[in-house]
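I opened this model to look up its charge pairs first.

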Amino acid sequence: MGKITGFLEFKRENESYIAPEKRIENYKEFTVPLPEDHLKDQGARCMDCGIPFCHSGCPLGNLIPDFNDKVYKGKWKEAAEILHKTNNFPEFTGRLCPAPCEEACVLGINEDPVTIENIEKNIVETAFNEGWIVAQPPKVRTEKTVAVIGSGPAGLAAAQQLNRAGHTVTVFERDEKVGGLLRYGIPDFKMEKTVIDRRVAVLEEEGIIFKTNAHVGKNIDANQLKDDFDAVVLCGGATVRRSIPIPGADLKGVTQAMDFLKLNNQYVDGLVDFKDVISAKGKDIIVIGGGDTGSDCIGTSNRHGATSVTNFEILSKPSEGRPANQPWPYWPMKLKTTSSHQEGVERFFSISTKAFIGDKKGNLKGLKTVEVEWIFTPGERPQLKEVPNTEKEWKCDIALLALGFTGAEKTLADQFGLKMDFRSNIEATIKDYKTNIPGVFAAGDMRRGQSLIVWAISEGRQAAHHIDTYLMGESCLPLKDDSDLPRV
């Protein structure tokens, strides 16, 4: 490393945010970048640790110490080249990844870990600003064609890798624009959609064909795709939303979080008017679910001008530090306070919703809850127990269900004749990503279930290697053995 004692000399420094009262006035990103000399100091904190456990924490296997060293030395172009060796889209992960690499950082054992994610974002932004990221179409084309279904991170990664191998790749996206949940799920204040557009422009210049409003299984026949293409890879995500089977769940105002977020994304993009969104303006909002989707609903509700925003989580409140049973370098279940939480919300843990309350017109006006506790018995699944005499009613105009997803939609599986596993995902092996139908592969959340963006990109890259091998007998595309990595 260029600065062997850097971790002793410099403290962790994060980029700052525009003040909450200012940033909720719009949907733009609100981070304030660190000056270049400060970023170099952050790169210098990366230790000469011998065994970089950050590699095992990162599902992509990013060469983290290598690009940190280049940043410290001011060699940004070389840093960008190293970063792109393993990560097709660091501008996405640098904004959206929860950074399991940082939790596995050796420095994090007794100090604050290196700001890996922020360094990553600044590397790729510098590369775009300097014009270093340009289209690199393959020098030779094969006669093979591949259909990629879904244009989220897994689909885009698979498409770019297969295109680099020389195959003619067509990406089918059912929405009106490319990006999957990156575009119609992630709020613009976390990632402005121009970030997607500039990368897609590069992919198109490289020769990838994108077809939007192309819903395979509805307006495009799956069997026709099998006839028209030499291989098909399903990257449609785990999009079946979890509901809550309690009285009043059909009331007007009980809303799936992804419906709320997608409409708002379309509004910001100018595709719909604000009158067509599910508006939180002047309303009492309760978000059920304490994950990232719930956090996104909180930030969006505050930008609408909600009267109040409340967040329920059925799990117990996590500790602020690393739990004793989740030691370094494993991913810890710690209390997470996001920028959206800081903008205004009242959070409640260990609380379960029992019923939604409606008025005579079928509109939601409140809900009932009860406090719960978790009973842990060695060798058995945790049991949920209601706490007596803790029932409570809450005023609520809109309840946003941010409860996660239960698996892939069955339409594609049925049309292709694919097997699904017990978790309602497309059954495809980790060994080669093949399904039970020859020539049909699956990757990303559609294969592994709801997961992280870094896992989606990793799966797309891995699947591309195996598809290339299937088509050509061998492949020069990079392959990473991730079979022993923790399933974050």
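**Entry 1: salt bridges.** I searched the whole structure and got 27 salt bridges. This is a predicted model, so I read every distance below as a property of the model. I picked a few pairs to look at one by one.

I started at the pair E9 and K3. Their closest N and O atoms are 3.3 Å apart, and the two form a salt bridge. E9 has 43% relative accessibility, so I logged E9 as partly exposed. K3 comes to 23%, which also counts as partly exposed.

Next I checked E103 and K334. Their side chains meet in a salt bridge at 3.4 Å, N to O. E103 sits in helix 8 (residues 100–103), while K334 is in the loop between strand 10 and helix 15; the pair therefore ties together parts 231 residues apart in sequence. K334 is partly exposed, at 31% relative accessible area.

Then I took D259 and R241. Here the closest N and O atoms of the salt bridge are 2.4 Å apart. D259 belongs to helix 13 (residues 257–268) and R241 to strand 7 (residues 240–241), so the pair links distant parts of the chain, 18 residues apart. D259 is partly exposed, with a relative accessible area of 31%. R241 is partly exposed too, at 34%.

I also found a network of salt bridges that links E29, R95, E125 and R198.

Entry 2: Which side chain of opposite charge is nearest to D432? It is K434, 4.1 Å away. D432 is buried yet has no salt bridge. I looked for other partners. The side chain of D432 makes a polar contact with the side chain of T429, at 2.5 Å. Leaving out residues up to four places away in sequence, D432 touches F441 and H466. D432 itself is in the loop between helix 16 (410–416) and strand 18 (440–442).

**Entry 3: backbone.** Most residues other than glycine have a negative phi, and most peptide bonds are trans. I looked up the exceptions.

W328 and P329 are joined by a cis peptide bond, with omega about 5 degrees. P329 is in the loop between strand 10 (308–313) and helix 15 (339–342).

S350 is not a glycine, but its phi is positive, about 55 degrees. I found S350 in the loop between strand 11 (346–349) and strand 12 (351–358). Is S350 buried or exposed? At 16% relative accessibility, S350 counts as buried.

N389 also has a positive phi, near 60 degrees, in a residue other than glycine. N389 lies in the loop between strand 14 (383–386) and strand 15 (392–395). Its relative accessibility is 74%, so N389 counts as exposed.

**Entry 4: the whole chain.** I counted 18 helices and 18 strands. The C-alpha trace spans about 65 × 60 × 50 Å along its principal axes. For 488 residues, a compact globule would have a radius of gyration near 23 Å; the chain has 23 Å, which agrees. Of the 488 residues, 52% count as buried. Among contacts between residues at least 6 apart in sequence, 68% join residues at least 24 apart.

**Entry 5: the record.** The unreviewed entry carries the annotation "domain: FAD/NAD(P)-binding" over residues 145–460. In the model, that span is 25% helix and 24% strand, and its end C-alpha atoms lie 17 Å apart.

How values were computed
Residues numbered from 1 in each chain as written. Predicted model: local features only at pLDDT ≥ 70, side-chain atom pairs only at ≥ 80, totals over all residues. Heavy atoms only, no water. Helix = DSSP H or I, 4+ residues; strand = E, 2+ residues; numbered from the N terminus. Buried < 20%, exposed > 50% of the residue type's maximum accessible area, 1.4 Å probe, protein only. Lys, Arg positive; Asp, Glu negative; His and termini not counted. Salt bridge = Lys/Arg side-chain N within 4 Å of Asp/Glu carboxyl O. Polar contact = N/O pair within 3.5 Å; in protein donor to acceptor, adjacent residues only side chain to side chain. Contact = heavy atoms within 4.5 Å. UniProt positions renumbered as here; feature names shortened; annotations may be inferred. Rg over C-alpha atoms; globule rule 2.2 N^0.38 Å.
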